[in-house]
Amino acid sequence: MEEPSQESVEFAHQLMDLARQGATAQLVAYLDAGAPPNLTDASGNTLLMLAAYHGHADLVRELASRGADVDRLNDRGQSPLAGAIFKGEPAVVAALLEHGADPEAGAPTARATAEMFGKTDLLPPP
């Protein structure tokens with residue numbers, strides 16, 4: 001497999017930063033121009049995972065509607081839904097559930113995370 005160019009790596013880092021910042025309009029423009037919606041960083045975190053973890057519900061919705069996998073686990077086995085629950089982001093949890101996120105995906109699961117941190121109110125009952 002060929003190594004990506006330095007420019008490609010830098011561009012990927014810029015997209016990851018846009019996800020962290022919640023720069024919806026900018027990131028959506030790149031996705032609509034062909035950037036991969038399931039782009040991952042070196043730890044397996046997707047754009048959606050970063051947007052979810054940083055509390056950007058609108059961006060999560062836009063990413064999911066453009067094909068980002070709402071259940072894609074990072075290299076530690078964590079789901080975007082579990083991350084949003086851990087961070088206490090009800091709007092992000094709602095956005096992920098709207099797009100079919102599985103509360104039982106990952107390790108620990110989102111449901112186990114909710115129980116562990118006393119945030120079971122963020123998920124519908126099993």
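Contact here means heavy atoms within 4.5 Å, and the model shown in these views is a predicted one.

**View 1. Helix 4 meets helix 6.** On the helix 4 side, look for Ala-57, Val-60 and Arg-61. Their partners in helix 6 are Ala-91, Val-92, Ala-95, Leu-96 and Glu-98. Sorted by type, the residues of this contact comprise six nonpolar and two charged, with no polar ones.

**View 2. The packing geometry of helix 4 and helix 6.** Here you can follow helix 4 (residues 57-65) alongside helix 6 (residues 90-98), their axes 8 Å apart and at an angle of about 15°. Angles under 35 degrees count as roughly parallel, so helix 4 is roughly parallel to helix 6. The crossing of helix 4 past helix 6 is right-handed.

**View 3. The largest nonpolar core.** This core has 34 residues, and Leu-47, Leu-63 and Leu-96 have the most contacts inside it. At least two core residues come from each of helix 1 (6-21), helix 2 (24-32), helix 3 (47-53), helix 4, helix 5 (80-87), helix 6 and helix 7 (110-116).

**View 4. Leu-47 and its contacts.** Setting aside neighbours within four places in sequence, Leu-47 is in contact with Leu-15, Met-16, Ala-19, Leu-27, Leu-31, Pro-36, Pro-37, Leu-39 and Leu-63.

**View 5. Thr-24 in helix 2.** Thr-24 counts as partly exposed because its relative accessibility is 22%. Beyond its neighbours within four places in sequence, Thr-24 is in contact with Asp-58, Leu-59 and Glu-62. If you also pick out Ala-57, you will find its C-alpha atom 9.8 Å from that of Thr-24, although 33 residues separate them along the chain.

How values were computed:
Residues numbered from 1 in each chain as written. Predicted model: local features only at pLDDT ≥ 70, side-chain atom pairs only at ≥ 80, totals over all residues. Heavy atoms only, no water. Axes fitted to C-alpha atoms, helices over the stretch in contact; angles between N-to-C directions. Helix = DSSP H or I, 4+ residues; strand = E, 2+ residues; numbered from the N terminus. Parallel < 35°, antiparallel > 145°, perpendicular 65-115°, else oblique. Left-handed = near helix turned anticlockwise from the far one by under 90°. Nonpolar A, V, L, I, M, F, W, Y, C, P; charged D, E, K, R; others polar. Core = buried A, V, L, I, M, F, W, Y, C linked by side-chain atoms within 4.5 Å. Buried < 20%, exposed > 50% of the residue type's maximum accessible area, 1.4 Å probe, protein only.
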